[in-house]
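I opened this entry to go through one chain.

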Amino acid sequence: MTEKTNTPPMYATRDFNDSGTGKSFVKGKPVAATDGELANYEAGGLVSPDKPKVEQPAAKA
């Protein structure tokens with residue numbers, strides 16, 4: 001089994017699902033995955049070592 005590592009932590013740049021593994025990820029949250037999965041996600045622009053800003057919903061007046 002491949003060891004899971006996140007050094008440095010990688011964050012989801014948007015909400016996405018990995019249909020191959022069945023895992024789901026939420027924008028701005030750390031992604032727990034194997035090094036190989038993280039490399040694929042990073043190549044696809046789905047994760048980044050920079051934590052993205054998550055927009056807060058506007059307050060209703």
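My notes follow in that order.

I worked on a predicted model, where local features need pLDDT of at least 70, side-chain atom pairs count only at pLDDT 80 or more, and totals for chains, interfaces and linings use all residues. Numbering starts from 1 along each chain as its sequence is written, and side-chain values use heavy atoms, with hydrogens and water left out.

**Layout.** I found 1 helix and 4 strands. Both are DSSP runs numbered from the N terminus: helices are H or I with at least four residues, strands E with at least two. The order along the sequence is β-β-β-α-β.

**Contacts and surface.** I took contact as heavy atoms within 4.5 Å. Of the contacts with a separation of 6 or more, 49% join residues 24 or more positions apart. The accessible surface is about 4600 Å², and carbon and sulfur atoms hold 52% of it. Areas come from the Shrake-Rupley method with a 1.4 Å probe; for residues, only the protein chains shown count as cover.

**Interior.** I checked burial next: buried is under 20% relative accessible area, exposed over 50%, partly exposed in between. Of the 61 residues, 28% are buried. The largest nonpolar core has 10 residues, among them Phe 16, Phe 25, Leu 38 and Tyr 41. Such a core is a set of buried Ala, Val, Leu, Ile, Met, Phe, Trp, Tyr and Cys residues joined through side-chain atoms within 4.5 Å. Beyond four places in sequence, Phe 25 touches residues including Ala 12, Val 31 and Tyr 41.

**Glu 42.** I located Glu 42 in helix α1, residues 35–43. Glu 42 counts as partly exposed because its relative accessible area is 43%. Outside four places in sequence, Glu 42 contacts Met 10, Val 47 and Pro 49. Met 10 lies 32 residues from Glu 42 in sequence, yet their C-alpha atoms are 8.6 Å apart.

How values were computed. Buried means under 20% relative accessible area, exposed over 50%, partly exposed in between (1.4 Å probe, protein chains only).
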